[in-house]
Amino acid sequence: MAVLGQLARRLGVAESWARDQRCTADLALAPLGDAQLVLLRPRRLMNANGRSVAQAAELFGLTAEEVYLVHDELDKPLGKLALKLGGSARGHNGVRSCISCLNSSAMPRLRVGIGRPTHPSAVKAHVLGCFSPEEQELLPPLLDRAADLLLDHIRARSQGASPGP
């Protein structure tokens, strides 16, 4: 959600979020060149957020390939970013829900590293918890890089280039 917030600020729509009952989500619409971006913050539990994503995709006439997922990634250290084009959910329940509801695994995904705790029993608390003060210091440049990566990729795709991951 922090990446979406940064993206909304960058696009000048941070104050434009509106609740949309049709897809059980908050939406913000942002122009980007000749395109319109639909920013979506599902208001469902992570394991069911695919329903919101699929409903918004249908509402705005988007294919799975045009839907970008932004999600946390336990298997990447905090601060690492990776753009992945399609593939499996890799154990992420929110991504699994999106794949199931969109009937496709073709969505580009921005994987935002949060690191994995040393004890498996601590994973749930780590994923659902807050960042420590030290970790929070890493967030501003991370959020800027994430927004840059997404916008560069979207712009390149909309211009017909093949930007790669």
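Author: On a 1 Å grid over the protein atoms alone, a cavity is a set of points where a 1.4 Å probe fits but cannot get out, and its lining residues have an atom within 4 Å of a point. The model is predicted: local features need pLDDT of at least 70, side-chain atom pairs count only at pLDDT 80 or more, and totals for chains, interfaces and linings use all residues. Residues are numbered from 1 along each chain as its sequence is written, and side-chain values use heavy atoms, without hydrogens and water.

Reader: Which residues line the largest cavity?

Author: The lining consists of His 71, Glu 73, Lys 84, Ser 88, Ala 89, Arg 90, Val 95, Arg 109 and Arg 111. Strands E4 (69-73) and E6 (108-113) each contribute at least two of the lining residues.

Reader: How does the lining of the largest cavity divide by class?

Author: Five of its residues are charged (Asp, Glu, Lys or Arg), two are nonpolar (Ala, Val, Leu, Ile, Met, Phe, Trp, Tyr, Cys or Pro) and two are polar (the others, Gly among them).

Reader: At what angle do H2 and H3 pack?

Author: Helix H2 (residues 49-60) packs on helix H3 (residues 93-102) at about 40 degrees, and their axes lie 7 Å apart.

Reader: What makes H2 oblique to H3?

Author: Roughly parallel requires under 35 degrees, roughly perpendicular 65 to 115 and roughly antiparallel over 145, the rest being oblique; the angle of about 40 degrees therefore makes H2 oblique to H3. The contact (heavy atoms within 4.5 Å) includes Arg 51 and Val 53 of H2 and Ser 97 and Cys 98 of H3. Six of its residues are nonpolar, four polar and one charged.

Reader: Why are H1 and H5 called roughly perpendicular?

Author: Helix H1 (residues 2-10) and helix H5 (residues 133-158) pack at about 70 degrees, with axes 9 Å apart, and are therefore roughly perpendicular. Among the contact residues are Leu 7 and Arg 10 of H1 and Asp 144 and Leu 151 of H5. The classes are eight nonpolar, one polar and three charged.

Terms used. Axes fitted to C-alpha atoms, helices over the stretch in contact; angles between N-to-C directions. Helix = DSSP H or I, 4+ residues; strand = E, 2+ residues; numbered from the N terminus. 1 Å grid on protein atoms, 1.4 Å probe; cavity = no way out; pocket = protein on both sides within 12 Å on 5 of 7 lines; lining within 4 Å.
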